[in-house]
Amino acid sequence: MFSLDLHPTFRNNRDIELALRHFIFKAHQSGEPVAETIPGKGTGQLRERVLASLGQKRIRRLYDRVEVSSGNTGKLLVHFARR
């Protein structure tokens with residue numbers, strides 16, 4: 001499973017958006033059914049930024065749904081369509 005840990009290094013919206021976009025395109029092309037992003041628990045601001053980036057039209061068309069991991073609320077699971 002592809003994984004992207006955002007909370008230790010990214011502090012501005014542009015870096016988050018670029019890293020997330022690259023990650024989602026790479027995960028989509030790999031054929032993996034699920035990829036995880038780790039914005040961390042914290043105050044939830046980073047998770048909201050990640051969700052906003054994932055909601056953009058050009059990124060949204062690449063996946064089916066996003067869910068919060070049941071075992072860890074600091075992880076978001078991005079589910080891709082089966083090919």
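The model is predicted, so local features need pLDDT of at least 70 and side-chain atom pairs count only at pLDDT 80 or more, while totals for chains, interfaces and linings use all residues. Residues are numbered from 1 along each chain as its sequence is written, and side-chain values use heavy atoms, with hydrogens and water left out.

**Overall fold**

- The protein chain has 3 helices and 4 strands; here helices (H or I, at least four residues) and strands (E, at least two) are DSSP runs, numbered from the N terminus.
- Going along the sequence, these elements follow the pattern β-α-β-α-α-β-β.
- With a radius of gyration of 12 Å, close to the 12 Å that the globule rule gives for 83 residues, the protein chain is as compact as a globular protein of that length. The radius is taken over C-alpha atoms, and the globule rule is 2.2 Å times the number of residues to the power 0.38.
- The C-alpha trace spans about 35 × 30 × 20 Å along its principal axes.

**Burial, surface and charge**

- Of the 83 residues in the protein chain, 39% are buried, where buried means under 20% relative accessible area, exposed over 50%, and partly exposed in between (1.4 Å probe, protein chains only).
- The accessible surface comes to about 5200 Å², and 48% of this belongs to carbon and sulfur atoms. Areas come from the Shrake-Rupley method with a 1.4 Å probe; for residues, only the protein chains shown count as cover.
- Among contacts (heavy atoms within 4.5 Å) between residues at least 6 apart in sequence, 65% join residues at least 24 apart.
- The 15 positive and 8 negative charges have mean positions 4 Å apart. Lys and Arg count as positive and Asp and Glu as negative, with His and the chain ends not counted; each charge is placed at NZ of Lys, CZ of Arg, CG of Asp or CD of Glu.

**How the strands pair**

- Strand β1 (residues 2-5) runs parallel to β2, with 4 bridges between them; two strands pair if DSSP finds at least two bridges between them.
- Strand β2 (residues 34-38) is antiparallel to β4 and joined to it by 4 bridges.
- Strand β3 (residues 65-68) is also joined to β4 by 4 bridges, and this pair runs antiparallel.
- Thr-37 is the bridge partner in β2 of Leu-4, and Thr-37 also stands opposite Leu-76 in β4.
- Val-78 of β4 is the bridge partner of Ala-35 and of Val-66.

**Buried strands**

- Strand β2 is largely enclosed by the rest of the structure, because 5 of its 5 residues are buried.

- Ser-53 sits in helix α2 (residues 45-54) and is buried, at a relative accessible area of 6%. Leaving aside neighbours within four places in sequence, Ser-53 is in contact with Glu-17, Leu-20 and Ile-59.
- Gln-56 is in the loop between α2 and α3 (57-60). Beyond its neighbours within four places in sequence, Gln-56 is in contact with Glu-17 and Arg-21; Gln-56 and Arg-21 are 35 residues apart in sequence and 9.9 Å apart in space, C-alpha to C-alpha.
- Ser-69 belongs to the loop between β3 and β4 and counts as buried at 15% relative accessibility. Not counting residues up to four places away in sequence, Ser-69 touches Lys-75 and Leu-77.
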